[in-house]
Amino acid sequence: MNRYKTPFVTLVTVAALLLGGCAKKRQELHATMETSMGTIKFKLYEDLTPKTVDNFVGLATGTKTWADPETNEPQTEKPFYDGLTFHRVINDFMIQGGCPKGNGTGGPGYDFEDECYTPGEAITGEIADVAVAQTVFEKSLLPHLRENNLQSPIPEVSEAFAQMQEKQSFAPLVGKTIEEVTGWVDYAEPITKLNLISPVTYGKLAMANSGPNTNGSQFFVVTKIAGTPHLNGKHTVFGEVIEGMDVVHAIENVEKAPGDRPLEPVTIISIAVDHVMVVVEDDEEET
């Protein structure tokens, strides 16, 4: 399936195919980002996170409508990212861009849901750990709290939420049963285990957000060698750097003003997207 441009095969790939004969091949979606400090190339996870990749590609290529942050007028056939900056850069953490206002408060005029997990088997009974507690909270209690402006009229929900805020953890739900917690808000859907699609590790391309399911246009690239496991499941990872981590680190190390903003703007000039046929080793695993 080709949703963007006609696939091409590089000369290197052609030579490998001719010489290797039985070499394994696969088609990947690549994005080439030209910045004022150099080129960064990404592999995009179109099969793992199709909605997020479609959004990024649509904005990058001008095939997706977005709203002008000043006039709110719809923009079509105009690449969103061209001319935007990396507005937040933190050493040993990440570089962040994609805000049309340049201050971290802007977006394309819409939000869309996360793609952090794939559903697994249904679970019942005691909430055994914080990961399960988070799943139960996000599935059953969070929609209820949002509908009530985070002020639940249900005493059990109000008390549990206050405890979670105090501890900054989902631990207060551990030890309760799933049936008890979902019963507070009459949530009848099954709760399933969630399988993390990709951790937020070094070199990964992920969506920035202001909470669950608030993705828009802002993204970040992880520069911390050890990764950022505290962000796993909170930000959709939709790609990885395959060339240009030296450029990413150069951007990371620019001189900064208060608020982690580069003193001299680092600009995204353009983003090109293509399907590429690549040769993989026999023992190479899919991401």
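## The chain as a whole

Among contacts in the chain between residues at least 6 apart in sequence, what percentage join residues at least 24 apart? The figure is 72%. Keep in mind as you explore that this is a predicted model.

The chain has 287 residues, and 43% of them are buried. Its secondary structure comes to six helices and 14 strands.

Let's look at strand S10, which covers residues 219-222. In a regular strand, side chains alternate between the two faces of the sheet. Here, Phe219 and Val221 lie on one side, while Phe220 and Val222 lie on the other. These four residues are all buried, and both faces of S10 are covered.

Which strands pair with S10? Strand S6 (residues 94-97) is joined to S10 by four bridges, and the two run antiparallel. In this pairing, Met94 stands opposite Val222. Strand S9 (residues 204-207) also runs antiparallel to S10, joined by three bridges. There, Leu205 stands opposite Val221.

Now turn to helix H3 (residues 130-147) and helix H4 (residues 155-167), whose axes come within 12 Å and cross at roughly 110°. Angles of 65 to 115 degrees count as roughly perpendicular, so H3 is roughly perpendicular to H4.

Which residues meet where these helices touch? From H3 come Phe137, Leu141, His144 and Leu145, and they meet Val157, Phe161 and Met164 of H4. The residues of this contact divide into six nonpolar, one polar and no charged.

How values were computed
Residues numbered from 1 in each chain as written. Predicted model: local features only at pLDDT ≥ 70, side-chain atom pairs only at ≥ 80, totals over all residues. Heavy atoms only, no water. Buried < 20%, exposed > 50% of the residue type's maximum accessible area, 1.4 Å probe, protein only. Pairing = 2+ DSSP bridges. Axes fitted to C-alpha atoms, helices over the stretch in contact; angles between N-to-C directions. Parallel < 35°, antiparallel > 145°, perpendicular 65-115°, else oblique. Contact = heavy atoms within 4.5 Å. Nonpolar A, V, L, I, M, F, W, Y, C, P; charged D, E, K, R; others polar.
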